[in-house]
Amino acid sequence: MFNIIIAENYDQVSSEAFKIMREVVRKEAPVLGLATGSSPVGLYKKMIADHNSNGTSYKNCITFNLDEYIGLPKNHEQSYWTFMHENLFDNIDIPEENIHIPAGDKEDEEKECVEYETALAAHVVDLQVLGIGSDGHIAFNEPGASFDSVTHIMELTEQTRRDNARFFDDDITQVPTHAITMGLASIMRARKIIVIATGANKADAVYGMIKGPKTTDCPASILQDHDDVTVILDPAAAARL
Ligand code: GLP
């Protein structure tokens with residue numbers, strides 16, 4: 001079941017996401033599932049502002065990130081490790097040992113998948129934040145990924161690599177070809193999920209997620225089976241609903 005919120009603009013979208021986040025963060029030991037990409041940046045800014053002005057603490061919070069590019073060292077400027085530290089973790093009081101991000105620079109990435117899934121499975125994510133790719137991917141589960149998948153390696157579609165080339169000097173050849181990602185089944189275990197999507201290039205994917213058939217062609221359509229998903233959109237992303 002989807003609860004759909006259509007907000008006026010990106011700032012309002014981020015405020016709606018923050019309202020849900022704030023409730024969860026007030027719990028004693030919250031477990032957060034976090035996403036990268038442009039969509040959650042406004043939410044993270046609001047979390048930082050709230051931490052600075054109201055002292056909201058993340059000391060007891062545990063986080064699991066969705067995914068990471070394979071082949072980028074942790075400290076690469078476009079790694080998701082760097083993204084998360086710059087956009088959130090370095091600006092709140094979360095202890096480094098509470099942060100989990102899959103490593104994309106291990107010699108044995110299959111082993112990393114198993115270890116990441118094992119760490120994740122020992123927790124229940126209270127709130128999972130998601131963006132959505134223009135091809136309907138969530139995390140890096142591209143079309144065709146199994147609904148039963150747990151943390152795994154995924155080859156990125158050309159569309160995703162093209163979308164993300166803006167972070168790599170607009171040069172698709174610099175965008176990694178593979179990623180390590182939580183699986184669709186891993187994501188579905190979260191108690192509560194929010195999906196943030198803005199802009200006209202997300203309208204088809206948002207339609208597929210909510211109104212389309214449940215199919216691995218649109219990985220986000222698996223969310224039709226979750227009982228607590230809030231989708232927060234701007235009017236452009238909601239245009240086809
Ligand atoms: C990226 C990430 C996803 C993200 C999506 C949309 O490739 N792996 O987790 O949700 O694509 O990104 P954006 O929010 O920048 O549009």
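Visitor: Which residue lies over the face of tyrosine 207?
Guide: In this predicted model, arginine 240 does, at 4.0 Å from the ring centre.

Visitor: Now the ring pairs. How many aromatic pairs are there?
Guide: The count is five, taking ring centres within 6.5 Å as the rule.

Visitor: Take tyrosine 69 and tyrosine 80. Why is that pair called tilted?
Guide: Their ring centres are 4.8 Å apart and the planes meet at 45°, so the pair is tilted; the tilted class sits between under 30 degrees for stacked and over 60 for edge-to-face.

Visitor: Where do the two tyrosines lie?
Guide: Tyrosine 69 is in strand S4, residues 67-69, and tyrosine 80 is in helix H3, residues 80-87. The pair therefore ties together parts 11 residues apart in sequence.

Visitor: Is tyrosine 69 buried or exposed?
Guide: Tyrosine 69 counts as buried, because its relative accessibility is 2% and the cut-off is under 20%. Tyrosine 80, at 9%, counts as buried too.

Visitor: What about tyrosine 69 and phenylalanine 140?
Guide: They form a tilted aromatic pair, 5.5 Å centre to centre with 45° between the planes. Phenylalanine 140 lies in the loop between strand S6 (127-130) and strand S7 (152-155), and tyrosine 69 in strand S4, so this pair ties together parts 71 residues apart in sequence.

Visitor: And are those two buried or exposed?
Guide: Both tyrosine 69 and phenylalanine 140 are buried.

Visitor: Which residues do ring pairs link into a cluster?
Guide: The cluster consists of Tyr69, Tyr80, Phe140 and Phe168.

How values were computed. Residues numbered from 1 in each chain as written. Predicted model: local features only at pLDDT ≥ 70, side-chain atom pairs only at ≥ 80, totals over all residues. Heavy atoms only, no water. Phe/Tyr/Trp six-rings, centres within 6.5 Å; stacked < 30°, edge-to-face > 60°. Helix = DSSP H or I, 4+ residues; strand = E, 2+ residues; numbered from the N terminus. Buried < 20%, exposed > 50% of the residue type's maximum accessible area, 1.4 Å probe, protein only. Lys NZ or Arg CZ within 6 Å of the ring centre and 35° of its normal.
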